[in-house]
Each structure stands twice: as C-alpha cells, then as structure tokens.
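Me: I'm new to this one and would like to talk it through from the overall fold down to single side chains. Could you put it up first?

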Amino acid sequence: MRFSILLLPALLLSATAYAQHDMHNMAAPADTSRTKKAADHSQHMGHTMPGMAAAPDTSRKAQSMQGMDHSGHDMSSMAGMDHGGMSMSHAYSRNLPMSRNGSGTAWNPDNTPMFMWMHHKGQWMIMNHGALNLRYTNQNIGRNSGQRGGSTVDAPNWFMTMAQRRIGEKGLLNLTAMISLDPLTEGGNGYPLLFQSGEAYKGQPLVDRQHPHDLFSALSVAYTHAFSEDVDLTVYLGYPGEPAIGPVAFMHRISAMPNPDAALGHHWQDATHIAFGVATVGLRYKQFKLEGSNFTGREPDEHRYGFDKPRADSWAGRLNWNPTPSLALQVSKAYIKSPEELHLDENVRRTTASIIQSNQWGDYRFITSALVWGMNKHVEADGHSHGSASHSVLAETNVQLGKPAVYGRYEFVQKSNEELGIPLFGPADEEVTANYNVHALTVGANYRVAQLAKTDLTLGAQATVYRPDSDIRFFYGRTPVSGQVYLRLNPSLMKRM
C-alpha cells in the first residue's frame with residue numbers, strides 16, 4: 001500500500017471538520033414569525049440554516065408546491081427556495097431544484113439523494129462532495145499462469161467543491177473545482193480492471209487497467225440568466241471541464257456510488273468528463289434543455305498534475321428531458337478529434353442515450369438506476385470510416401435500505417483487438433481488426449458501520465463474473481471472476497424536509 005493512502009482519511013475528515021466549524025459559527029438573524037417557521041423546516045435537513053426566509057407565494061410557486069410530498073421524498077418544489085436570502089437552487093438554474101445537480105451541466109432526477117456537506121459564506125452557498133474507497137481488489141481470481149489479471153491495495157477517490165450565488169434579480173454564478181488524488185493512490189498506470197481500455201502510459205496503451213484521473217479534474221465557471229421561471233440560458237467554461245456529451249459521469253451517479261470500479265464502457269459513454277478546454281451554451285425551457293459544446297477532444301495525457309493544451313477542435317450536442325421528478329433522460333452526439341494520444345489520425349463520432357431513475361421513501365431509503373447506451377464510430381482524418389461501429393450498454397441499480405445496501409451492474413461492450421491488445425495475424429500489407437463481445441455482471445452489498453462528523457464509513461464487498469468471446473478466452477479464461485472488499489468514506493446524506 002502506498003504511504004499516501006494512509007493520509008486520505010485525515011484529509012477527508014479535516015475538510016469535514018472545517019465545514020462543520022463554518023456551519024456552527026454562522027450568526028442567526030432576527031427570528032421573525034415567518035423566518036422561525038421556515039427555520040423549523042430547515043432543521044429536518046442535514047445542516048442548520050438559521051433565518052431561512054419563506055419564498056414568495058406567487059400563484060405559479062403555489063402550484064409547484066402542490067406536488068410536494070411532506071413526508072419528505074420530493075425535492076422538485078425546492079427550486080429557487082431561499083435560506084436567509086441565499087439560493088438553494090440548482091447550480092445552473094435559479095428555478096430548478098438543487099437535487100438535479102449532476103456532473104458538468106448534465107441532469108440527475110429531482111428525486112436524487114444528495115450526499116454532501118453544505119454551508120454558507122456571506123451570499124455564497126458552498127457544497128462539498130467526494131468519495132474515497134480504501135480497498136483490496138483481485139482481478140481474475142484463480143487465473144492460470146499466463147492469463148491476464150492482477151491484484152492491488154489502492155484507494156480510488158475524488159473531491160469536489162461547488163460555490164454559487166445569485167447575481168441581481170435574474171443571474172446565477174457558479175464556480176466548481178474537482179480534484180482527484182488518483183495520481184498518488186493509483187500510480188501512473190491506474191488500477192487493474194479486466195477488459196478496461198483507454199488512454200496510455202509511457203508510450204503504451206492501458207489494457208486491463210483503469211487510468212487514474214487528473215489531479216485537477218474540473219475547474220469551471222458558469223453564469224445563468226433567467227428570462228422567466230420557465231426559460232434560462234447558461235454559459236459554462238471549464239479548464240478542465242465537461243462538455244455536453246453522455247449522461248452524468250459514473251462517479252456522480254448514485255446508482256454507481258457503491259461500485260469503486262469505473263464502467264467498462266466509460267470511453268463509449270462519459271469519458272469526456274475531463275476535457276482541457278470546454279465552452280458550453282445551454283438553453284432550458286421548462287423540463288427540457290438543449291446544449292452545445294466546443295471542447296478539446298484529446299484525452300488527458302499521462303502527466304496527471306499539469307494542464308494539457310486546449311485545442312477547441314471537437315463538438316457535441318445534447319438534449320436533456322426530465323419528464324417526472326424520478327427520471328432524467330438524455331440523447332447526445334459528438335465529434336471528438338484525436339482522442340487517443342497514440343492514434344492521432346483517428347477521430348471518433350460518439351452517440352449516447354441514457355435514462356436515470358431515482359425514488360426515495362425515507363432517509364437512506366431509496367432505489368436509483370441507470371440505463372446507458374454508447375456507440376463509437378472511428379473515422380480517419382479524411383472522414384472515411386475505420387472499422388465498424390462498436391457499442392456498449394450499461395444497466396445498474398443501487399438499493400439503499402437504511403444502513404445496508406445491495407447493488408448490481410450489467411455491462412455489454414464491444415472492444416477491438418487493438419483496444420484489448422490481442423495479436424492478430426494477416427497479410428503484411430493489410431490491417432486486420434476484430435471486435436470482441438464482452439459481458440460482465442457485478443453484484444455487491446455494503447453496510448454503513450459508522451457516522452463521524454457527518455461522514456459515512458461503509459464496509460462493502462462485490463464480485464464480478466465476465467463472459468468474453470470464445471476467441472479471447474485463451475487470455476482470460478472461460479468465465480473469469482474478480483472480487484474486492486472496501487471501506488468507503490463519503491459525506492452523509494443531506495436529509496430531506
């Protein structure tokens with residue numbers, strides 16, 4: 001185990017203590033009858049917000065309140081709610097609920113559980129998120145000599161801070177920073193994960209390994225102008241940031257929260273969540289949002305502590321629709337120029353579609369799921385197709401039943417011999433390619449063993465069974481099995497009203 005892993009719990013708990021200190025030292029304004037009533041409601045949240053002012057009871061606001069479940073399970077009516085004059089809204093809309101926040105500008109369902117620490121500094125609302133998984137993982141348990149796999153003790157992690165404040169009568173400013181200490185805990189070549197591919201290290205492609213994320217995974221600023229309660233316009237700039245392609249990235253989906261591993265279809269679905277140079281414009285109308293992005297297509301290089309060159313050479317478009325508080329749907333398409341550093345002559349046309357579902361019936365009692373499809377089509381610099389399109393499908397569910405939780409993930413992905421490092425033999429003057437089908441089923445369970453300083457400590461275990469094509473079983477076995485045990489640290493659930 002690397003020495004740096006031992007430092008991470010202290011870092012996480014120190015951040016929690018700092019947030020706690022800020023919250024307990026907030027001065028309470030005068031307790032009028034209206035603010036006292038609102039403040040009483042705020043005590044049911046996972047934080048203290050003295051002096052919460054009641055939102056104006058306009059006719060449209062009153063209509064939106066009719067759908068509130070006062071047993072505490074629907075946040076859709078919290079859009080624009082003020083707490084002592086400070087917004088409790090979504091990061092990119094004054095008129096949407098905070099619980100819709102995802103990664104980048106992507107949407108979660110309104111009923112999504114929120115695991116975070118939150119406090120106020122003046123006119124700023126500050127939200128802190130993150131997760132740290134101290135674990136032992138063994139890929140391809142019982143493998144024969146020469147077959148692929150590996151084991152390690154490591155700690156995949158990420159930490160994010162979002163700060164927002166209102167600007168005038170119509171504006172909303174958001175600042176976001178996300179870091180990962182993966183370069184310390186995972187090393188330059190990441191952690192072992194069967195059938196994973198993407199990015200490179202020391203001039204070699206990463207195969208059967210998940211690459212580490214960059215130290216600076218997001219630094220973004222966004223401004224949203226509300227033309228009305230139904231219409232607003234957002235301008236988002238990130239270096240790095242996340243363009244409008246794919247669903248909420250896997251580490252920000254509550255359906256994927258218990259699983260420490262990245263999805264095998266990551267580079268078909270949401271791998272652009274770290275792009276060094278992003279500009280996005282999004283127009284929302286009620287429960288629809290249309291977005292367009294110009295961004296850097298090149299994936300991050302192996303120098304995980306620096307900032308890559310911005311190129312602004314790729315494009316993406318996405319349509320989001322949240323038809324109910326329990327659902328978030330999106331379709332997106334992107335042209336990504338030279339994503340792989342080792343294959344600069346290859347560009348990718350990526351298409352994705354997804355459905356994210358979330359329902360709660362009490363604190364720490366929820367079910368949330370995701371169904372994601374992604375397709376990559378490789379094209380040469382002259383626009384000609386390179387091989388056939390490859391597909392990936394992911395279906396995952398997380399069921400939280402108080403302290404215990406059970407979860408699962410099924411994946412289907414098509415990967416080429418090049419992506420999996422499988423040698424093929426053909427005529428010397430002819431390029432030979434093949435796509436292989438891989439199925440993977442993960443089941444797991446965990447239990448929240450303690451809460452300390454509004455931080456959950458959860459102990460869990462999971463196992464994955466793979467079913468690769470017969471042509472590549474020589475390298476992996478017929479049905480390789482992987483397993484891991486972990487202790488996760490993350491902010492506690494922010495309780496609902």
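Reply: What follows goes from the whole chain to its cores, its surface and then its side-chain pairs.

Me: Before that, what kind of model is it, and how are the residues numbered?

Reply: This is a predicted model, in which local features need pLDDT of at least 70 and side-chain atom pairs count only at pLDDT 80 or more, while totals for chains, interfaces and linings use all residues. Residues are numbered from 1 along each chain as its sequence is written, and side-chain values use heavy atoms, with hydrogens and water left out.

Me: OK, how many helices and strands does the protein chain have?

Reply: The protein chain has six helices and 24 strands, where helices (H or I, at least four residues) and strands (E, at least two) are DSSP runs numbered from the N terminus.

Me: And what share of the residues is buried?

Reply: Of the 497 residues in the protein chain, 56% are buried, and the terms run like this: buried is under 20% relative accessible area, exposed is over 50%, and partly exposed is in between, with a 1.4 Å probe and protein chains only. As for contacts (heavy atoms within 4.5 Å), among those in the protein chain with a separation of 6 or more, 65% are between residues 24 or more positions apart.

Me: Which residues have the most contacts inside the largest nonpolar core?

Reply: They are Met98, Met118, Phe195 and Ile472, in a core of 46 residues. A nonpolar core here is a set of buried Ala, Val, Leu, Ile, Met, Phe, Trp, Tyr and Cys residues joined through side-chain atoms within 4.5 Å. Elements that give two or more residues to this core include strand E6 (124–139), strand E10 (191–201), strand E22 (435–452) and helix H6 (473–476), and E10 gives the most, with four residues. Apart from it lies another core of eight residues, among them Val248, Ala263, Val372 and Leu394.

Me: Why would such residues gather like that?

Reply: In soluble globular proteins, nonpolar side chains tend to be buried together.

Me: Switching to the outside, which residues form the nonpolar patch on the surface?

Reply: Leu175, Val221, Phe227, Leu233, Val235, Leu237, Val281 and Leu283 form it, with about 640 Å² of accessible area together. Areas come from the Shrake-Rupley method with a 1.4 Å probe, and for residues only the protein chains shown count as cover. Patches are made of residues with over 30% relative accessible area and no salt bridge, with like charges joined within 9 Å and nonpolar side chains (Val, Leu, Ile, Met, Phe, Trp, Tyr) within 5 Å. The largest share of this patch, three residues, comes from E13. Val281 lies in strand E14 and is partly exposed, with a relative accessible area of 45%.

Me: How many salt bridges does a search of the whole structure find?

Reply: The search finds twelve, each being a side-chain nitrogen of Lys or Arg within 4 Å of a carboxyl oxygen of Asp or Glu. In one of them the side chains of Asp208 and Arg148 meet at 3.1 Å, N to O. Asp208 lies in strand E11 (residues 204–210) and Arg148 in the loop between E6 and strand E7 (150–154), so the pair ties together parts that are 60 residues apart in sequence. Both residues of this pair, Asp208 and Arg148, are buried.

Me: Which residues are linked in a network of salt bridges?

Reply: Arg253, Asp270, Glu396 and Arg409 are linked in one. Within it, Asp270 forms a salt bridge with Arg253, the closest N and O atoms being 3.5 Å apart, and both Asp270 and Arg253 are buried.

Me: Last topic, then: how many aromatic pairs are there?

Reply: A search of the whole structure finds eleven, counting rings of Phe, Tyr and Trp (its six-membered ring) whose centres lie within 6.5 Å, with planes under 30 degrees apart called stacked, over 60 edge-to-face and the rest tilted. The rings of Phe276 and Phe307 have their centres 6.1 Å apart and their planes at 85°, so this pair is edge-to-face.

Me: Are those two buried or exposed?

Reply: Phe276 counts as buried at 1% relative accessibility, whereas Phe307 is partly exposed, with a relative accessible area of 38%. Ring pairs also link Phe216, Tyr239, Phe276 and Phe307 into a cluster.
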